[in-house]
Amino acid sequence: MTATSRFTQALLCILLLSLSACESALLQESVTAATPSPAPQIETTAGEPADILAAFIDAWASEEYEAMYRLIAARSRELYPLQRFINQYTEAHSVIRFAGVSHKLKMVAHQGTTAIIHYDVLISSPTFGEIADDNRVMRLVQEGGWKIAWSSMDIFDGMSSRARLTERADFPPRADIYDRNGALLAEEEGQVYSLYVIKQDMRDVEDCLATLAEATLQQISTLRGIFANYLAETRFHVAEMDPERYATYREALTRDCAIARTEGAFSKVLSYDSRSYYGHGIATHVVGYIGAVPADELERWEARGRSAGDLVGRAGIEEAYEDTLAGRPQRYLRIVGDGNTVIRELAGALGAAPSAVTLTIDRDLQEITAQAMADAVSYAVPNWGGITAGGAIVALDINTGEILALASYPSFDPHIFNPTTLYNIGNAVLRLDRDIRNPFVNKALAEQYTPGSVYKIVTALAAASERIWEPEAIFDCGYIWRGGDYGDSEESRTDWRLLEDRDPTGPVTMPQALAASCNPFFYEMGALMYREDPLMQVRYAELLGFGTPGGLTGLAIEAAGTVAPPREPAAAINNAIGQGEVTVTVLQMAQLTALIANGGQLYQPYIVSHIGQKGEADYRLVNEPTLKARLPLDAEALGVVRDGMCMVTTVRDLGTAEFVFRSAPYQLCGKTGTAETAGNPHAWFVAYYPRENPEIAFAGVMAQSREGSEVVAPMIRRIIDVYYRYPIEPFPDWWEEPYIPVKSQQQALAEHLSAEN
């Protein structure tokens, strides 16, 4: 043996002895007392040390902890019972968000019954990428085969009983959300006002309730329930507002609720900085809200690099554009010891700057729409407002498909999910959960409703296009229609005017039948179309966008509606008046109204226009007007439908909404609908404004209320009056009178036949 060889062998022996002593010290670490878990049976292992290491790493990659445990030495098992061994790995994995591990063998050295392996490890993490832990050393001993003298440093070099793996994340400020004009909808580190009241300080509690209902978009009955929980002298929290809305209502809040800013902690107006939402409820179903990562979604969020306690988007644009708005935090993975002393820097993940999101929403129109719905319901509480299941209104740009406003009622303050809020979060969420009107549901998209007479637009367009009926041909619209000759299983059907004891409509053309919403005419159209082709109605409905989601991205689930093929003449007749097996969404009705107004151009609806803030370097277009289809609609048929819709709002004694717009200094074209349900009817109104060169299409529903002309048409008039600064028409006085149920067709027919006999 040469001198060099003897020197190398001696050096290796010294290294082995040194490592053995070091490992021996590690194996003598104190063990926290714990009930030992039953260990799996340890079998004799065959193979060379490199094979044992490979098997251990493979089991680690699959997180097969018991298979790993079977490969470790007896002394290691004494120091690390199975459950403690598993806990060491699972705790480390949760911090790094473990996604796999691989290794590269460098050298194996033998010294009697001991082997020393030098190797590199690469651990995968969705947060930190590939974490390299190079120049590792593992000792194996002979115990009827090679076994690993394991310690926690075989997870990461530097780990010990007094060290722990930690992650630190430096989050950049979340980006803001803007409307189409650059006005803020969601602002990071914005100012939030928290409002408190004391009932005995008020002149009249009912006046305060009315003011708070208007200012917070809540129903008076909801606020009354909150007030009932407190004594007259108790100071309690009622709402949070952004500074702009508080400024709008400051005088009324001071006058009616004795809410005013004073010095000290007992002021009735406290302010703090947090993520703030303009209007605190005017656009919750669009903008969404942030909250802590839910425990039952932790695994999903961890895969995206989030941790328990992180604030993330929980709904709407906040959730859909989470990665854009939040960016990525700068993260650090460290091993730290006592006193948070950093033992080792393992990895870091570069952050990415957040970007703002700009919407197509017009903030002013959105606020006016949400306010009109909330005010209408509050005003009508003695009547339909006290029984409605809620509803929605959508405003759509006729020539682009941009959503200008989307309001769902009831709404709620998005700030209640933010841990910084001064709301009692548990009580607030419980109250919303118990609300049978389902305030968390976006009723413009996720709910599908029976459309009633607004669907007659589809029937008229199909019948006119297929020349089922000539536009100027006369139809005598009476109280009763009998369709036995068409195979109708119903002996007779009624017109809606019989329900209200109005005179029958009489002779009408097709546009006039649409204006008067003559049920018998549309019964006959349904029967005639079914006779010619049972699927004719369905084909036109699908052509116009019904039966499939509109494809709007960013606002969660969008219902498709239903346009089931009729199985018999009676079903086709029912469908023709928007009853039976037809359901639609509010957005679909807005799209229909828009394409009638623009001549058959079906645009893709969208609500996000740009990423970034206007004027900034990262400002870029992500959506633009997209024509989904130029529908092959008959020009004359379109003219028939438009003429009928314009008569709805302008022709006295014929148009079903003429009385709503009689005093308006403008003209619009629309269609009313009253859909029968198992309970009270759904009220509908759709319209395009203005009549000439139309710009905006509106569609709205208020479920379980009254007739469309009585409920939703006045709301849309209010929206137009306020937005375009026309004189504001008061809501109907009779909304404050007791509710009188709307008769069903069966009731009206039975009463009519009884009177005849």
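Mentor: Contact means heavy atoms within 4.5 Å. With that definition, residues 24 or more positions apart account for 71% of the contacts in the chain with a separation of 6 or more. This is a predicted model, in which local features need pLDDT of at least 70 and side-chain atom pairs count only at pLDDT 80 or more, while totals for chains, interfaces and linings use all residues. Residues are numbered from 1 along each chain as its sequence is written, and side-chain values use heavy atoms, with hydrogens and water left out.

Trainee: How does the radius of gyration of the chain stand against that of a compact globule of 757 residues?

Mentor: The radius is taken over C-alpha atoms, and the globule rule is 2.2 Å times the number of residues to the power 0.38. That rule puts a compact globule of 757 residues near 27 Å, but the chain has 35 Å. Along its principal axes, the C-alpha trace spans about 120 × 70 × 55 Å.

Trainee: How many helices and strands does the chain have?

Mentor: Helices (H or I, at least four residues) and strands (E, at least two) are DSSP runs, numbered from the N terminus. By this count the chain has 25 helices and 29 strands.

Trainee: What makes phenylalanine 522 count as buried?

Mentor: Buried means under 20% relative accessible area, exposed over 50%, and partly exposed in between (1.4 Å probe, protein chains only). Phenylalanine 522 has 0% relative accessibility and therefore counts as buried. Phenylalanine 522 lies in helix α18 (residues 519-532). Not counting residues up to four places away in sequence, phenylalanine 522 touches Lys456, Thr459, Ala460, Ala513, Leu514, Ala576 and Ile577. For the chain as a whole, 56% of the 757 residues count as buried.

Trainee: Why is aspartate 51 called partly exposed?

Mentor: Its relative accessibility is 46%, so aspartate 51 counts as partly exposed. Aspartate 51 has its place in helix α2 (residues 49-61). The C-alpha atoms of aspartate 51 and tryptophan 146 are 9.5 Å apart in space, although the two are 95 residues apart in sequence.

Trainee: How do you know that α24 is mostly covered?

Mentor: Of its 16 residues, 14 are buried.

Trainee: How does the reach of α24 compare with the expected span?

Mentor: The expected span of a helix is 1.5 Å times one less than its number of residues. Helix α24 (residues 708-723) reaches 21 Å from its first C-alpha to its last, close to the 22 Å expected. Helix α6 (residues 205-216), with 12 residues, reaches 16 Å, close to the 16 Å expected.

Trainee: Which elements cover the buried residues of α6?

Mentor: Those buried residues include Cys208, Leu209 and Leu212. Their cover includes α7 (220-227), β8 (235-241), α8 (243-257) and α13 (363-379).

Trainee: What is the phi of asparagine 693, and why is this residue called exposed?

Mentor: Phi of asparagine 693 is near 50°, a positive value in a residue other than glycine. At 67% relative accessibility, asparagine 693 counts as exposed. Its place is in the loop between β28 and β29. Proline 690 lies in the loop between β28 (682-689) and β29 (696-703), and a cis peptide bond with omega about -15° joins tyrosine 689 and proline 690.

Trainee: Why is arginine 467 called partly exposed?

Mentor: Its relative accessible area is 35%, so arginine 467 is partly exposed. Phi of arginine 467 is positive, near 55°. The place of arginine 467 is in the loop between α15 (456-465) and β17 (475-477).
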